[in-house]
Amino acid sequence: MIKLKFILLFLGGLSIVQAQSIDFFSSNRLIFGTHEERTASMGVGDIDNDGDMDVVIANGRHWPGQNRIFFNNGRGKFSVSKPLGIERSTSYSTELADFDKDGDLDIAVGNDMAPNTIFINDGKGNFTKAGTFGENYASTRNLVVADIDKDGDEDILITNRGMQNEICLNDGKGKFGQTFGFGNKADATIDVEVADMDNDGDNDLILANRNEQQNYIYLNDGRLNFSTKTPFGSGQDKTRSVAISDINKDGFQDIISANIGEPNRIYFGDATFKFTKNIEFDTSSSNTSSIAIIDFNLDGQDDIVVGNFKQANHVFINNKQGRAWEKITLSDKKTFTYDILTADINRDGLPDIVESNSDEFNRYYLNRYKDPVLQERDLSMLMAEK
């Protein structure tokens, strides 16, 4: 009788595991060093060209901090690190891209009230400070890399809170001498995304403004003029981040917005390009600072992960092309998560999650999703063995 009870409990436990088909795992080993710094941003990419994902961390925010590079050992552990540069700076954002078109990833760092800097890679993960870009003493909050002018190289967009936002055009050699503004000079812009929102073949700009300002899409006329704008949101949102994806697979780009003190929403695109149809995918009045989009369970639908201020971070699994969402809590930790990213850290084919936390360890979560069909097979094999 005791043996029978054990078997039933064992099988019951397997059923619970089977029902929870997507799971994210972290531990005190899955952190980037032991520094509790004012981290605002990370960049993920193969910095040393060895086939795995490395991480650069931007530290400081309003206070000079040391930026760092962490190298992946190929198995999802970061056992080697080194400083990026010899200076400490008020870093708010970092991005990886091949700015000089030599086949390796370089680093851009955006600083608050200090010059923004380019670091050039020698191909092995060694970096040389190679110049600045944008206004030298702006209140930079975010960098976004995109080929905005479609000339084959990577340009940099800078969001400056309470100051003119900037587009810095690459000359193809990693120099950014040509700069012009976008948006309103009074915009308190925290984030911008680049995407073709009106399906006319050029890149438009989607702004996330905080301080209860109106959020806008600035439409490109094909010649990098962004004078036509379309509002989205209530006009009084405190939006900290936006992401772009065709969530409902109708051929039009949608806007996913991360807000402070109110529900996070999806604004659906359609043939009118008005973005008035919307839903709450996260109905809590959370303090969401960052957002990322990826297909976590490889079902062909884009899912969402949000990073929050002093609240738990969550994943939202897309079940019905944006009509139903399953909420998964990453952990019970309530950190100041300034940025959240996704990448395949341990090379198992599944996207993992990386948190940029201020005054707390920077942490990553491994995606342990297992296909329900495979789970059913494994469960049947275990039952047959019994």
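Trainee: What should I know about the model before reading it?

Mentor: The model is predicted, so local features need pLDDT of at least 70 and side-chain atom pairs count only at pLDDT 80 or more, while totals for chains, interfaces and linings use all residues. Residues are numbered from 1 along each chain as its sequence is written, and side-chain values use heavy atoms, with hydrogens and water left out.

Trainee: How many salt bridges does the structure hold?

Mentor: Side chains of opposite charge can pair when their charged atoms come close. A salt bridge is a side-chain nitrogen of Lys or Arg within 4 Å of a carboxyl oxygen of Asp or Glu. The structure holds seven of them. One of them joins Arg 141 and Asp 112, at 3.0 Å from N to O. This pair links distant parts of the chain, 29 residues apart: Arg 141 is in strand S10 (residues 140-146), and Asp 112 is in the loop between S7 and S8. Strands (E, at least two residues) are DSSP runs, numbered from the N terminus.

Trainee: Are Arg 141 and Asp 112 buried or exposed?

Mentor: Buried means under 20% relative accessible area, exposed means over 50%, and partly exposed is in between (1.4 Å probe, protein chains only). Arg 141 counts as buried because its relative accessibility is 12%. Asp 112 is buried because its value is 9%.

Trainee: Where are Lys 129 and Glu 87 in the chain?

Mentor: Lys 129 forms a salt bridge with Glu 87, with the closest N and O atoms 2.9 Å apart. Lys 129 lies in strand S9 (residues 127-133) and Glu 87 in the loop between strand S5 (78-83) and strand S6 (91-97), 42 residues apart. Lys 129 is partly exposed, at 45% relative accessibility, and Glu 87 is partly exposed, at 48%.

Trainee: How far apart are the closest N and O atoms of Arg 38 and Asp 359?

Mentor: They are 4.0 Å apart in this salt bridge. The two residues are 321 residues apart in the chain: Arg 38 is in the loop between strand S1 (24-25) and strand S2 (39-45), and Asp 359 is in the loop between strand S27 (352-358) and strand S28 (364-367).

Trainee: Which residues form a nonpolar patch on the surface?

Mentor: Patches are made of residues with over 30% relative accessible area and no salt bridge; nonpolar side chains (Val, Leu, Ile, Met, Phe, Trp, Tyr) are joined within 5 Å, like charges within 9 Å. Accessible areas come from the Shrake-Rupley method with a 1.4 Å probe, and only the protein chains shown count as cover for residues. Here Met 113, Tyr 137 and Met 163 form the patch, with about 300 Å² of accessible area together. Met 113 is in the loop between strand S7 (106-111) and strand S8 (116-121).

Trainee: What is the volume of the largest pocket?

Mentor: On a 1 Å grid over the protein atoms alone, a pocket is an open set of points with protein on both sides within 12 Å along at least five of seven lines, whereas a cavity is a set where a 1.4 Å probe fits but cannot get out; lining residues have an atom within 4 Å of a point. The largest pocket has a volume of about 770 Å³. It is lined by 33 residues, and the closest to its centre are Glu 193, Ile 291, Asp 339, Ile 340 and Leu 341.

Trainee: Which residues line the largest cavity?

Mentor: The lining consists of Met 197, Asp 198, Ile 217, Leu 219, Thr 230, Phe 273 and Phe 275. This cavity holds about 30 Å³ of space.

Conventions. Points joined across faces, edges and corners; volume = space filled by probe spheres on them. Helix = DSSP H or I, 4+ residues; strand = E, 2+ residues; numbered from the N terminus.
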